[in-house]
Structures are given as structure tokens and as C-alpha cells.
Amino acid sequence: MRLPRLIRDSMVLQRDAKLKIWGWASPGEKITIRFNGKSAKVTATAAGEWSTTLPAMKAGGPYTMQIEGKNSIQLKDVLIGDVWLCAGQSNMVHQLSLHNITYAEDIAKANFPRIRQFCVATRATLTGEEADYNTGSWMWANPENVADFSAVAYFFAREIHEKYGIPIGIINASVGGTPIESWTSEKGLQSFSDIAAAALRNKDTAYVNDINRRAALERRRESNISDKGLTGIKKWFDPTYTPKGWQRISVPGYWEDQGLRDVNGVVWYRKEIDVPQTMTGVPAKLFLGRIVDADMVYVNGEKVGQTAYQYPQRRYALNAGILKPGKNLLVVRVQNNAGKGGFVPDKPYHLEANGNIMELTGYWSYKVGEVYLPMERSKVEAISAQNEPAALFNGMIAPASKFAVKGVLWYQGESNSGNATQYAELLPALIKDYRRVFTQPSLPFLYVQLPNFGDANYLPTEDSWPILREAALKSLSVPNTAMAVTIDLGEWNDIHPDNKKDVGVRLALAARKTVYGERDLVSSGPICKSYEVKDDKIILTFDHIGGGLVSHNGEDLSHFSIAAEDKKFVWAKTRIEGNKVVVWAEEVSSPRYVRYAWSDNPSGANLYNAEGLPASPFRTDK
């Protein structure tokens, strides 16, 4: 007899719900389960499967579960509370360890034995639904373990646990850079004929292998030279190497903006710094912001770190003794595959040791080590399993589908910017699908509306992320859902913003009202519910105004645009009147449409309620 990975020591079971316990055994094997004064018996089927239920129980624990068959299994430290499935892409993945500077105190003070996470290992399966996970265990929130918790999920769990005093379990099933289609079951995709057809086609392993083999052949990249920085007699990171032909460049910044046009390949950066005695002989930290795409970093000829892709913050630990008093050499090998390469602006670039900080911004020297030849677009697109329809559902959601949960937290959408319009159908389909899979027709589903990201536009514009935010807004029409607006929590230059705490807190506010019954709680920022055209003005009416509509920074409301029938939007003037905002522009005498915060990064959008929650972006020109 064996049990699924989820049913292990230290698990959290869902309170006030029938508890399904299942596993595998020899055909005909008799199984007895005893837990918290209750018991159940079941006999394994001819296929060696068994499943039974225990009655619903109140929050509590720790308890011990005893399971008897041909062998005996005892599960210790079992809690009963609320279990939340936390799914999506990288902003749900992001562990507290990736934000350990911002949340150093939260990590150090984590001491919550009744908050626990089961982290689901990445597994994409094209051939069908998996029955169990290969790995995984339940871990409680202490300073050592919590670094691996999803930051968003942890701050949500902490808010709920501290508010209600109940155990909270997190099933963290999330993978960076993945589309919503991959998280939806094959059955849940049936109304999308092309997507469903792809899921069916991908079950043919021979087909998938053939596609990937042909794509790999076409994808082979040739360069006009190999990297000179690594192939010469003396490597360019070697302190004894004498630099020749190096040129000046600013850090941070992209090399395409500084005279190196359309260079994809390897560019080396070097900088000599004068380190005072007080910063030597102790461990140090090197902060190199973010780098596009990959980097290797050397200090005085010693490799101190590397990162293979552009998104993580570069924070490299230097052992005591690496830095020397006086002159020290920093060398960074930057590899870029497409687009602008280099050091992302508006990030920290400094050396930190013994309480001292040395800034590294300014002029460095650079030299090109390798240039990649332009590639023609492959005629055959490789099949990346984790991006294929139903694949992550099969490997990461299906094995948990028998486990009772309180609700779902969802943070995803960035990877669907290319088909943003369809997201308005895909998100409700996912919600419906999970309610079917977990056999809970009203399963609470709370989700994050994407934050601000990218370059700010100072004219009304058309972008893809507003469409994704609108899809999230429209999905509130699905019963028992709630949305956390995060239009003020992003960073223009980082798709993984550092502020994860407020995302978790806003999801917890949504849960407190939608799931835990605090009906009078203001849990959302203003949402436009209707509008009226009156003469040369448009009057917008809002829900969720709480203590009233306000300008968050005390300035005139910004990011409202208005247009006539021609949809040529211009910036508008506004005034707040109770639960309404009046919008007009002198150059639009016959207005028809209004938009608010309608861009990828509406920096400074400032319509809030008095409780400090931002209004959702919207448009009236559906």
C-alpha cells in the first residue's frame, strides 16, 4: 500500500469538507484509516486503486493518521484548516529568497508552524493526466523553509492565519513563462477548437519528437567567430591580461543605445575600482541589477557568479578575501540573443561590505567578444511541453484534484499578451474547469490583475496588457470570484516587481470578503459600473468607493482619456462628484468614450478609494 505525495506527514487538510483519502495497493487489499476519532474501511480494486472519505472536521491539530493494510503507515503532525491552491506563472513562483533584501525581516521573523507549503515540482505532461507527483513534501514557515515559499502565497497565508487563527496550507503549483492554456485541462479547452486539437495532437509522442528534432536542426546558430574573451592565450577576465581596443560605455544602459547597433552575441565589460581597507577581509555582496540576457561575473579573476537568463536580480555573494585593498578588477561577460543587451536601468549597481557601499554606476570599458550571425526564422517551431495546452494541468494540477481545497489563487497572464483578446474567454474557462475538476461548483477563485510594466507613454495609446487587465475585470461576472488590482505595484523595468507583500495582502482582503464573510469590508478599489454621456461630458459611476473617491497623490486625476465617435483619444480633464467622476476635454465636443489607465504602464494613475486601494483600469468603448 502507498499514498500520494500530498498525503504525508505535516499535511494540512481542508476543514468543514469531506476528506478524500486515496492511494494504491494490491488488488483486494483491505485498508483501514483512523483519524481524529473517525475511521473508514475500503478494499482496493482489481486495478490496485482505493479511495474513501472521512467526515468533515473542524479546524485543529496536530493529529496523527493511522492507515493499515498489508503494511502500516502513520502520518504525524497533521493539521486541519484551509488549503489554497496557488497557481500561475513566475510572479506566483517567485520565492521569498528572490526578494530577500526587501523582506529580510519577514524571513527572519517567520515562525508559523501552522502555515505550510507543498511545492509542486515542474512537470509538463503531454500524454494525459498524471495520478501523482514524483516528489514533494509539506514544509512549515520558519526562517529556513520560508525562503522557498511563494512570496505572494506566503503573505496571503500569513494575513489569513493571523486574522482567523486557523492553519493554512498552500499547494504551490506554478511555472514561469507559461500560458493559461497549459494550466487548463483538455476537457476544459474543448470550446477552443484549435487549442483542443493541439492538445490531442501532442499525445502522439512520435509526432512531438519529430517536430523537435527538425526544429533543433534549423535552430542551430552559427557565429562568425568564437568568443575571443575565452579563446585567447589570456582570458579577458584574467587580471594579468592587458586590455587593448576597449571603449567607454555607461552602466547601466543597453549597448544598442550607445553605438553598438544590432549586436547579438557576447560583450565584455570591465571596471577597475579602488576598494578601501574597511571593505576587505569580510564577506561582501555585489549588486548588478538585472542583465539582458545572461552573464558571468569575475572579481580579480575569480568567477563569483552567473545567471542564465534576464529576469533574476543579480546579487552575488563574495567570500572574504576576494576583495583586496586598493585596485580590484570587475569583469562581466554579457551574452544577448535578441533585442537590446546590457544592464537594465533604474536598478541597484553597487558593492556592499562591512556596512559600506561603493556605487558601480558610471563609465566602464567594453569589447565585443562574439557576434552571432542573423538567423532566419525557423520554419518549424519546437514544441516546449510546458507551453502546450493542458500539459501543466496534467502534470501539476490533476494529481491534486482529489484533495479538498478552500479556493484558488491565480497570478498569470504575462505569457498571454500575444493573444490578449482571447484571454477574456480563457480565464472564465479555467475557472469553470477547476470547479469541475475539484467537484466544487462554487469554488472561490481569486486572481491578480496584471500590474504596470514597461515604458510609460505620455500620449493615449493602444497596448496589449490593458486588454489582459480588461479580461480579468470582465471575469468578475463569474460568481464567487474576486480580483486584486495591482496597477500601482509594478516596476517599469521588471516584469517581476519586488512588491509581493501588497499583492498577497490584497488577495487576502478579497478572500476575507468573498470567502470568509466580511461583507462590509472594503476589499477592492473603485470599479466603473456605468457611464452617461451628458452634453460635452461623460459621467462615470463607480462601485467599491469605500470612504469615497480620491486622488491618491492629491493632484488632478491622471490617465483619463476621452474620444468622440472617431476614437481619437486625448487626455481629459476630470472632477470627482461623490461616487462619480466627470470627464471632458475642450477639443472633444461630442464625447462617446472614456478610458482610464489604458496602457501597459500608466505610471502615476491616481484614482483610489479612501481606503488606499487603486481603481481598476477600464474603457467604455467595448
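This is a predicted model: local features need pLDDT of at least 70, side-chain atom pairs count only at pLDDT 80 or more; totals for chains, interfaces and linings use all residues.
Trainee: How many residues separate Met11 and Ala124, and what is their distance in space?

Mentor: They are 113 residues apart in sequence. In space, C-alpha to C-alpha, they are 24 Å apart.

Trainee: What separates the C-alpha atoms of Ser72 and Met1?

Mentor: A distance of 8.3 Å. Along the chain, the two are 71 residues apart.

Trainee: Now another serine, Ser185. Where is Ser185 found?

Mentor: In a loop. Strand E10 (168-174) lies on one side of that loop and helix H4 (193-201) on the other. Ser185 has 0% relative accessibility, so it counts as buried.

Trainee: What does Ser185 touch?

Mentor: Ala390, Phe393, Asp433 and Arg436, once residues up to four places away in sequence are not counted. Asp433 is also one of the buried residues of helix H8.

Trainee: Tell me about H8, then. What span should H8 have, and why?

Mentor: H8 has 15 residues, so at 1.5 Å a residue it should span 21 Å. Its end C-alpha atoms are 20 Å apart, which agrees.

Trainee: Which residues of H8 are buried?

Mentor: Tyr423, Leu426, Leu427, Ala429, Leu430, Ile431, Asp433, Tyr434, Arg435 and Val437.

Trainee: What about Thr439, which follows H8?

Mentor: Thr439 has a positive phi, near 50°.

Trainee: Next, helix H9. Why is H9 largely enclosed by the rest of the structure?

Mentor: Because nine of the ten residues of H9 (residues 465-474) are buried. Among them are Trp465, Arg469, Glu470 and Leu473.

Trainee: What do the buried residues of H9 pack against?

Mentor: Helix H8 (423-437) is one of the partners. The others are strands E25 (445-448), E26 (481-484), E27 (527-534) and E36 (618-619).

Trainee: Switching to sheets. What is the strand order in the open sheet of three strands?

Mentor: E12-E20-E15, with antiparallel pairing. E12 (253-254) and E15 (291-292) stand at the edges. Each has a single partner strand, so one side of each is left without a neighbour in the sheet.

Trainee: How many bridges join E12 to E20?

Mentor: Two, and the strands run antiparallel. Gly253 has Phe343, in E20, as its bridge partner.

Trainee: What holds strands together in general?

Mentor: Strands of a sheet pair through backbone hydrogen bonds.

Trainee: Last topic, cavities. How many of 30 Å³ or more does the structure hold?

Mentor: Six. The largest cavity has about 80 Å³ of space.

Trainee: What lines the largest cavity?

Mentor: The lining includes Asn457, Pro460, His559, Phe569, Trp571, Arg595 and Trp598. By class, the lining has six nonpolar, five polar and one charged residues.

Notes: Residues are numbered from 1 along each chain as its sequence is written. Side-chain values use heavy atoms; hydrogens and water are left out. Helices (H or I, at least four residues) and strands (E, at least two) are DSSP runs, numbered from the N terminus. Buried means under 20% relative accessible area, exposed over 50%, partly exposed in between (1.4 Å probe, protein chains only). Contact means heavy atoms within 4.5 Å. The expected span of a helix is 1.5 Å times one less than its number of residues. Two strands pair if DSSP finds at least two bridges between them. On a 1 Å grid over the protein atoms alone, a cavity is a set of points where a 1.4 Å probe fits but cannot get out, and a pocket is an open set with protein on both sides within 12 Å along at least five of seven lines; lining residues have an atom within 4 Å of a point. Grid points are joined across faces, edges and corners, and a volume is the space filled by probe spheres set on the points. Ala, Val, Leu, Ile, Met, Phe, Trp, Tyr, Cys and Pro count as nonpolar, Asp, Glu, Lys and Arg as charged, and the others, Gly among them, as polar.
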